[in-house]
Amino acid sequence: MRVMTAIRNIVILTGAGISAESGLRTFRAEDGLWEDHPVEEVATPEGFARDPALVQRFYDERRAQIRAAFPNPAHEALGRLDREFAGELLIVTQNIDDLHERGGARRVLHMHGEGLSAWCQACDARHRWEGALGDGPACPACGEVAMRPDIVWFGEMPYRMDEIFDALASADLFVSIGTSGAVYPAAGFVQQASANGARTLELNLEESLGSRNFDETRLGTASELVPAWVDEILRS
């Protein structure tokens, strides 16, 4: 599968591994901690209901980290692919950072929400948000103090799943970059794509839980593997 030919429709799934080289820590579900906090405290609706101040502070810190980070060569390579690839392309990311967009990509879907977005629970409006939520700002749309991070927490439905499955159904190639293969529904995308006849490729630092489901796995850093793969696609 080293030569990619007749590729007209690509779906890419990216995970925390693609942003790790930009200084954003990966989510470590296996030890139950995220940035040294138990997951159930900061990434569930129940945790938010118990201690909203803690959760708001936690995401205020994540928001500041996102703003301080910069795209790495893997993000920039996918931005180049978005600009130069004439076929259909969808980058589905599990990440809440905006490094894909700052790297130049436009065909991006954030299935787990966005760190620089706030969601008003009173009027359902979403707003670009780069400041703090912990001090209880009013919603710009309705004036209520009811905004939370626009993040999909455990127990909530990922965003725009119908669009993702439609894209997988018509993909020629499915590529997974920097994902653990442990979190569903994203972990099942490779099987969905394969069932619909797509070729499948994994680019990862190490083998994932789902590596056996891919036609090919290439191991290395995202900043090395992704630019090389993008060059290969655009040459073909």
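Reply:
**A strand and its surroundings**

Strands β4 and β5 (residues 108-110) are joined by three bridges and run parallel. Two strands are taken to pair if DSSP finds at least two bridges between them. Strands themselves are DSSP runs of E with at least two residues, helices are runs of H or I with at least four, and both are numbered from the N terminus. This is a predicted model, in which local features need pLDDT of at least 70 and side-chain atom pairs count only at pLDDT 80 or more, while totals for chains, interfaces and linings use all residues. Residues are numbered from 1 along each chain as its sequence is written, and side-chain values use heavy atoms, with hydrogens and water left out.

Five of the six residues of β4 are buried, so the strand is largely enclosed by the rest of the structure. Here buried means under 20% relative accessible area, exposed over 50%, and partly exposed in between (1.4 Å probe, protein chains only).

Ile-10 is among the residues with the most contacts inside the largest nonpolar core, which has 24 residues; the others named are Ile-12, Leu-78, Leu-81, Val-226 and Trp-229. At least two residues of this core come from each of β1 (9-14), α5 (73-84), β4 (88-93), β9 (173-177), β10 (199-204) and α9 (222-235). The greatest share, six residues, is supplied by α9. A second, separate core has 18 residues, including Leu-13, Ala-167, Ala-171 and Ala-198. Each nonpolar core is a set of buried Ala, Val, Leu, Ile, Met, Phe, Trp, Tyr and Cys residues joined through side-chain atoms within 4.5 Å. In soluble globular proteins, nonpolar side chains tend to be buried together.

Ala-118, in turn, stands opposite His-127 in β7. β6 and β7 form a hairpin with five residues between them, and in the turn Asp-124 has a positive phi of about 75°. β6 is mostly covered, with seven of its eight residues buried.

Gln-56 lies in helix α4 (residues 52-68) and, at 8% relative accessibility, counts as buried. Its contacts, not counting residues up to four places away in sequence, are Phe-48, Leu-133, Gly-134, Met-147, Arg-148 and Pro-149. Contact means heavy atoms within 4.5 Å.

The loop between β8 and α7 (161-170) contains Pro-158, which is buried, with a relative accessible area of 10%. Pro-158 touches Met-111, His-112, Val-152 and Pro-185, again setting aside residues up to four places away in sequence. Its C-alpha atom is separated by 19 Å from that of Val-55, 103 residues apart along the chain.

These parts belong to a protein with nine helices and 11 strands. Of its 236 residues, 52% count as buried. Among contacts with a separation of 6 or more, 65% are between residues 24 or more positions apart. The C-alpha trace spans about 55 × 35 × 30 Å along its principal axes. The radius of gyration is 18 Å, which agrees with the value near 18 Å for a compact globule of 236 residues. That radius is taken over C-alpha atoms, and the globule rule is 2.2 Å times the number of residues to the power 0.38.
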